[in-house]
Amino acid sequence: MITTHNLGFPRIGARRELKFAQEAFWKGELQAEDLNITSADLRRRHWSQQSSLTLAPVGDFSYYDQVLDMSFTLGNLPARAQDTDGTDLDRYFRVARGQSANDTACCAIHAGEMTKWFDTNYHYIVPEFDRETRFQLNPARLLEQLAEAKAQGVKAKPVIIGPVTYLWLGKANDDGDRLALLDDLLPVYAELLNLLAEQGVDWVQIDEPALVTELNGDWRHAFNFAYHQLKACPVKLLVATYFGELRDNLQLACELPVAGLHLDAISAAGEVSRVTDWLPAHKVLSLGVINGRNVWKTDLEATLDWLEPVHERLGERLWLAPSCSLLHVPVDLASETAMDPEIRSWLAFAVQKLDELQTLANALDHGRAATVEPLAQNTLAIASRKNSTRVHNPDVTHAVAAITPELGKRRSPYTERLKLQKLHLNLPAYPTTTIGSFPQTRDIRQTRLQYRKGTLSEREYTTRIREEIARCVQEQETLGLDVLVHGEAERNDMVEYFGEQLDGYVFSQFGWVQSYGSRCVKPPILFGDIQRPQAMTVDWIRYAQSLTDKPLKGMLTGPVTILNWSFVRDDQPRKDSCLQLALAIREEVLDLEQSGVRIIQIDEAALREGLPLRQSDWQSYLDWAIEAFRISANGVSDETQIHTHMCYSEFNDIIEAIARMDADVITIETSRSNMELLDAFKGFQYPNDIGPGVYDIHSPNIPEKQHIVSLMQKAAERIPTERLWVNPDCGLKTRSWDEVIPALQGMVDAARELRGG
Ligand code: GLN
Ligand code: ZN
């Protein structure tokens, strides 16, 4: 019989039960015992949903983050949280979320840094190392979950992060060598593995996704060294790799002295046969044959076509699993009762993916003839999607095929455009603007919600949103800002707003995916060719412009960001979907221009997020991503000013691509970096206008005018003053009006002082 297993299950709960329990606990409204009860219930439910598997993951459940869990298991707490009062759980959340000084405990503790988990939208708490770092095993969490699983009759396979990836994920505060810690770290891993063996554990899944990244000789050596050291431990180790190809680490991964290797057969499909060839004959090969990163049904027959020969060759040595942890997909499609049934029939969430796995295993064990029914159903669904006219729209295919490089080019170079725009817009030096959204008050949220529920008529809704727009424009006029915005009151989310108006998108009701801690996102599902049936923003923007003589900036989300924050199609390259989105946004841009809007901002907040794991793959991504942006933006006449906005600070390694976007103005996040990140722009001699953020909108602090002046002076040391704009770091939607008014007043006053007025 073929062994099936799972690398991890979403822990947030089909109704986000964990989120609500966590948040109640943080507010002091729920006792630790009750948080434990909710968590134990979720684990029980999730194991029962995985009961068809030969081996189920244990230890993948986390109160906040699996990397932070590993730090605790290894006794690697940042010194600032050690010996603080309360329970282990209190200290755990203290590292996860930080603690302000006015809490019950004495002093402020800053949260651990958060960063993206490989190329997913999940964020983990970065392990911290320094010269004082010592490790000490703290196995309680894992052992408790293991005991719980055993008591429930679960065939348990503990899941831990491997020692090399653990170090790779972390950061040495004193710039020390993380690998120097390996010697100290390995005995703790050995101790843990021995303990697990004592508990009757047979297999341990040890995640080493660092193997799909570019590794230098030291890191490669560390892999060999680590697993030779752990070889003597009396458990079988399944080294799990996922999210990419092994490439030059393939041989290394195959030859590690462990009992098995997991390969992501979705993102490394081309490596299955090489791994099968290289893997020593005593080892298990676990193939991740169901995509753990998207929401589509697997084509089971097509999978069996290539899988059967592998099975014939490997026999019992072949294991089957999803490609990676199912953390990255929603829990259960059964909840989606409101979804269009045809589209729904094409989808699979975590629970459905495990059913698919079972069908594949049955077909391999007993032949396809023994699984006729589920295979036939699957074939039907796959065919329905493949042939659907809702997926394939010949007009869109033609439009994409007709794209020429000309489409992405402005008529004149920036220096020429600038002259015309100056004449046209008549802006002062150091022009002031904002990034788009203004405070999203309770009233605004209520209005949108009521409209959505149907309790507010379209007319009434329009009136109320217009009132908000009018208020927002009025405030900006009073403040004396130079380029105004409408405030985005009608938008719940910068991607969802556009997705809902484009053909080719569908929305789930409960398709939540954990982003970090208790935060979840519900990515829209891009299922078909993208078309824009009608203008999406023009009415609101035109209304806002009608209220003021100042230029009003039209607000759009760019194609790359829409793509990167959606579940995307697996039946065509990401690039193709992105170009379709680009054409739709381009139409909107041209409509805005047509209706008299003279400045249009196209946000690309997620451009950097889409970078592939390996730097050697960056260029090809950037090529099509930048091309898509250019297509969306550059159809306008020279007089129309294009802005873009990105809210992050690492530009060094992509500055050349940013320049290629050729936006007339780019606004970026800089206030916390003291303008130092402008060095990247200076070094590259970035040619166009830049608005370095001077107001950290993540913080309730209100910046002083003088502070803003000094930030801008620092900026002016790096960028010619005639190319500088003055603006906040990002949108203001999470702030209140009380905070926004004085902050923006300080900004406007600072700009006046800089102008010498
Ligand atoms: N225009 C958007 C806003 O102001 C940009 C948001 C973002 O960059 N994340 O809210
Ligand atoms: Zn932003």
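Serine 273 counts as partly exposed because its relative accessibility is 46% (buried means under 20% relative accessible area, exposed over 50%, and partly exposed in between, with a 1.4 Å probe and protein chains only). This serine 273 sits in helix α10, residues 272-278. Helices here are DSSP runs of H or I with at least four residues, strands are runs of E with at least two, and both are numbered from the N terminus. Along the sequence, serine 273 and valine 310 are 37 residues apart, yet their C-alpha atoms lie 8.1 Å apart in space.

A quick word on the model itself: it is predicted, so local features need pLDDT of at least 70 and side-chain atom pairs count only at pLDDT 80 or more, while totals for chains, interfaces and linings use all residues. Residues are numbered from 1 along each chain as its sequence is written, chains are lettered from A and ligands numbered from 1 in the order in which they are written, and side-chain values use heavy atoms, with hydrogens and water left out.

Next comes the sheet. Eight strands build an open, parallel sheet, and their order is β1-β12-β11-β10-β9-β8-β6-β2. Two strands pair if DSSP finds at least two bridges between them. At the edges are β1 (3-4) and β2 (56-58), each pairing on one side only. Inside that order, β8 (residues 203-207) and β9 (residues 236-240) pair in the parallel sense over five bridges, and tryptophan 203 stands opposite lysine 236 in β9. Helix α13 (residues 350-366) lies across β1, β11 (284-290) and β12 (318-322), and runs at about 160 degrees to β12. Axes are lines fitted to C-alpha atoms, for helices over the stretch in contact, and angles run from 0 to 180 degrees between N-to-C directions.

Two helix pairs are worth a look. Helix α2 (residues 32-49) packs with helix α5 (residues 140-151) at an angle of about 50 degrees, their axes being 11 Å apart. That angle is why α2 is oblique to α5 (under 35 degrees counts as roughly parallel, over 145 as roughly antiparallel, 65 to 115 as roughly perpendicular and the rest as oblique). The crossing of α2 with α5 is right-handed, which is the case if the near helix is turned clockwise from the far one by less than a right angle; anticlockwise makes it left-handed. Ala40, Arg43 and Trp47 in α2 meet Gln145, Glu148 and Ala149 in α5, where contact means heavy atoms within 4.5 Å. These contact residues split into three nonpolar, one polar and two charged (Ala, Val, Leu, Ile, Met, Phe, Trp, Tyr, Cys and Pro count as nonpolar, Asp, Glu, Lys and Arg as charged, and the others, Gly among them, as polar).

In the second pair, the axes of α26 (residues 705-716) and α27 (residues 737-754) come within 8 Å and cross at roughly 50 degrees, so α26 is oblique to α27. Here too the crossing is right-handed. Residues of α26 including Ile708, Val709 and Met712 meet residues of α27, among them Ala743, Met747 and Leu754. The whole contact divides into seven nonpolar, three polar and three charged residues.

Most residues other than glycine have a negative phi. Phenylalanine 243, though not a glycine, has a positive phi of about 80 degrees; it is found in the loop between β9 and α9 (250-255), and counts as buried because its relative accessibility is 6%. Aspartate 662 is not a glycine either, and has a positive phi of about 60 degrees. Its place is the loop between α24 (655-661) and β20 (665-668), and at 17% relative accessibility aspartate 662 counts as buried.
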